[in-house]
Amino acid sequence: MAESIKRKTKRQDPRLLILLFPGILMMGLFTFYPIIKMFIMSFFDWKIGFNQQSLFVGFQNYRDVFADPIARRSLVNTLYYLILTVPAQIILGLCVALLIVRITRFSVTYRLLYYLPVITSWVVVALLFRYIFSNDGLLNYFLADVIHLTNGSVGWLSSRWPAMTATAFLGIWKGIGWNMVIFLAALQAIPKQYYEAADIDGVNNWQRFRYITLPGIRGTLLFALVMLIIGAFNTYTPIAVMTEGNPAHQTEVVLTWMYTQTFDSLKLGYSAALSFIVTSMNIVIAVFLFRAFKAK
Amino acid sequence: MNSKNRRKGMIWALLIIMVAGLLSGCASEEPQVAGEPITITFWHNYDAGAGQQEVLNALIEEFQAENPGVVIDPLYLEWSALKNNVVAGATTRMLPDVLRGDIGFVPLFQSLNVLVEMDTSFDDYAKAAETIMDAPNSTAARGEHFYGLAANTNTKILYYNKDLVSTPPANLAEMWDIAEEISNDDVTGFVEAWMGGWNLCQYIWSNGGDVLSPDYSTAEGYINSPIAIDVIQRMADLHEAGAFNGPSIDPGAPGDTDGMGTGKYAMTIDGPWKAKDFATKYPDLNIGTMQMPAGDADSIGVLGGENFMMFESSDDAHKQAAWEFIKFMTAKDAQIEMAKVGQMPVNREALNSQEALDAMPLLPIFAEALETCRTRPVIPQWGDVSGIINTKATEAVLGLKPVKTALDEAAKEIDALLAK
């Protein structure tokens with residue numbers, strides 16, 4: 001059958017339609033339809049409930065988002081989380097991958113150990129980090145009672161920037177393993193001959209990394225960057241569990257604020273507009289990165 | 001028909017079957033067949049940890065035995081999940097037949113047009129409502145009609161650690177003074193779990209102020225009145241002195257129950273469930289209770305509790321069976337059983353019964369507090385209004401903004417919300 005399909009063009013063989021239909025239907029129903037519907041919703045004062053009339057409001061929801069100080073703060077907090085977590089995850093993940101790629105004994109054990117945080121539940125580790133960073137938590141105990149550096153009353157989660165930094169630590173810790181696996185695969189794909197030739201030319205370790213490894217994993221680097229940036233914009237659980245956006249929405253990120261506006265305030269049009277603003281930012285960043293990497 | 005056309009025909013038939021198969025999962029409930037039992041879907045947030053779900057299951061069995069044609073299908077959802085599922089179901093019409101949820105849900109759900117107008121739908125609603133206390137049942141009213149029946153009620157009292165507070169306060173001003181006096185590096189005098197309407201209204205009301213105008217049309221001159229400013233300013237001063245805190249003001253601080261239980265907090269004002277929490281988690285805690293201390297005006301707590309609600313998505317047979325279940329759950333026997341697991345009865349007979357009193361030793365204090373407490377504004381926007389109060393009061397308490405500025409902003413934002 002595969003041969004038969006191969007012989008005909010896609011237009012000619014309707015059996016292709018049957019094979020693709022379930023996937024196309026699912027994508028249409030659960031991906032494209034909601035996106036289109038949400039785009040439409042962003043121009044309405046969207047009402048839910050029986051016999052409710054939604055009013056067309058043009059760009060009012062978009063104006064409301066830009067005028068909302070909490071939405072602006074949540075965007076800044078998200079960008080702060082992104083700036084802290086994305087480079088740190090890539091650098092640490094790459095470092096671990098570079099170390100592990102050379103190890104022959106127990107390499108699977110090391111991979112497993114570094115990957116464990118990735119498969120651990122977000123909620124569970126967020127609760128653990130909350131305990132570590134709380135006023136009576138492990139970190140304050142360590143700083144005060146073990147190394148006697150502070151008096152033990154540092155409020156890591158009490159105000160905006162320390163709390164955002166604490167949540168970023170969680171994001172970094174949890175993301176290293178994923179980056180390690182991605183970079184490990186990329187490193188293994190670089191032909192060994194390049195390194196052998198470099199050895200003959202007498203290059204040092206930095207030159208090997210700069211001129212062979214880095215160009216060899218450029219595509220993977222771009223992939224990791226784009227995925228991590230999207231992931232940073234989608235961060236929800238660390239904030240929801242560690243601070244709940246408190247105090248006074250100081251630690252809100254876009255997704256927690258979107259959730260609050262959708263389910264607590266029932267402002268569905270507003271939330272749809274906010275989500276499209278975030279999507280647009282993601283697209284702009286991704287296009288910029290693709291161009292930057294292509295140019296090189 | 002040649003073979004090519006036949007094959008095309010078969011392919012289209014296959015596609016149609018596949019689509020039909022997929023869509024069949026979205027089909028609505030099958031119509032009721034005569035003689036088959038009616039299944040009532042019941043969403044609730046009865047606390048499993050407090051033993052309430054065990055009692056509920058026993059009551060359901062009893063109800064089903066009395067009503068052989070009805071099966072109750074209960075589903076536990078925590079507070080926000082309960083609300084969110086109704087919000088989602090308001091669009092898809094996938095709603096339960098009965099819900100037992102926060103009294104604040106009534107105006108919200110009614111604004112979505114999903115609730116059954118119960119007083120006009122059932123001839124015996126008035127008769128059933130007569131057995132219920134007026135104040136809790138008033139929370140089910142919107143305009144001239146009732147969209148629910150009170151399930152249980154509560155208000156708040158003062159809990160204090162007797163090892164830290166030797167003499168209970170005579171009034172609110174004294175309560176704040178004691179909080180300041182006893183605070184040190186290890187102890188915070190007073191904990192407030194949140195800073196929204198549920199938590200702050202009681203202080204403003206008890207000092208003679210209010211958060212909204214009596215017709216709920218404006219917050220200007222109410223939430224930013226001199227009385228409200230004084231209340232929040234006192235809290236800000238206490239916070240600066242290390243005598244006032246809470247998990248929403250400081251996410252790194254201990255929770256109110258754990259903080260009280262471990263002696264980090266000395267006083268809190270909360271509902272009847274807190275007594276159960278302390279008894280279960282910290283049985284050795286030397287806890288004292290009393291009515292919320294009076295302010296300049298009186299001791300005016302916030303009325304809390306839950307109501308039973310029904311949904312327009314149910315057919316007539318389900319509505320009638322659901323109504324019978326609600327009447328069963330609000331009758332004396334079921335209310336006494338629920339009192340044994342911490343639910344304050346709304347049924348007049350149950351509230352005055354010796355059995356309920358034996359089950360809830362704090363019932364007399366709460367019953368006294370219920371006489372002077374008030375309902376929060378019964379408006380669909382209350383959740384958002386309460387959220388604004390929380391944000392602005394917290395900003396003021398943390399010193400991010402002067403108290404007057406924060407409350408002026410609150411008034412402006414609330415008025416914009418009320419105008420919609």
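Start in chain B: select strand β7 (residues 157–161) and β11(B), which pair in the antiparallel sense over five bridges. Strands here are DSSP runs of E at least two residues long, and helices are runs of H or I of at least four, numbered from the N terminus. Two strands count as paired if DSSP finds at least two bridges between them. Click on Leu158(B) and you'll find that its bridge partner in β11(B) is Met290(B).

A word on what you're looking at: this is a predicted model, where local features need pLDDT of at least 70 and side-chain atom pairs count only at pLDDT 80 or more, while totals for chains, interfaces and linings use all residues. Residues are numbered from 1 along each chain as its sequence is written, and chains are lettered from A and ligands numbered from 1 in the order in which they are written.

Now widen the selection to the whole sheet. Its five strands run in the order β9-β8-β10-β7-β11 (chain B), as an open sheet with mixed pairing. β9 (244–245) and β11 (287–291) of chain B are the edges, each with a single partner strand, so one side of each has no neighbour in the sheet.

Next, pick Phe190(B). On one side, Phe190(B) stands opposite Met267(B) in β10(B); Phe190(B) also stands opposite Phe244(B) in β9(B). Strand β8 (residues 188–191) and strand β10 (residues 265–270) of chain B pair in the parallel sense over two bridges, and two bridges also join β8(B) to β9(B), again running parallel.

Axes are lines fitted to C-alpha atoms, for helices over the stretch in contact, with angles from 0 to 180 degrees between N-to-C directions.

Stay in chain B for another open sheet of five strands, ordered β2-β1-β3-β12-β6 (chain B), with mixed pairing. Which strands stand at the edges? They are β2 (70–76) and β6 (149–154) of chain B, each with a single partner strand, so one side of each is left open in the sheet. Neighbouring strands of this sheet are turned by 15 degrees against each other on average, direction ignored. Inside it, strand β1 (residues 38–44) and strand β3 (residues 98–102) of chain B pair in the parallel sense over two bridges, and Phe42(B) stands opposite Val98(B) in β3(B).

Over to chain A: select helix α6 (residues 122–133) and helix α8 (residues 160–189), whose axes come within 10 Å and cross at roughly 135 degrees. Show Val125(A), Ala126(A), Phe129(A) and Phe133(A) of α6(A) against Ala166(A), Leu170(A) and Lys174(A) of α8(A) to see the contact. Contact means that C-beta atoms, placed from the backbone, lie within 7 Å.

Now show both chains. Their contact takes 30 residues from chain A and 29 residues from chain B. On the chain A side, α2(A) gives the most, with four residues.

Last, colour by pLDDT, the predictor's confidence in each residue, from 0 to 100. Chain B has a mean pLDDT of 91, and 92% of its residues reach 70 or more. Residues 21–30 of chain B stay under 50, with one contact beyond four places in sequence. Where pLDDT is low, the predicted coordinates should not be read in detail.

Terms used. Two residues are in contact if their C-beta atoms, placed from the backbone, lie within 7 Å.
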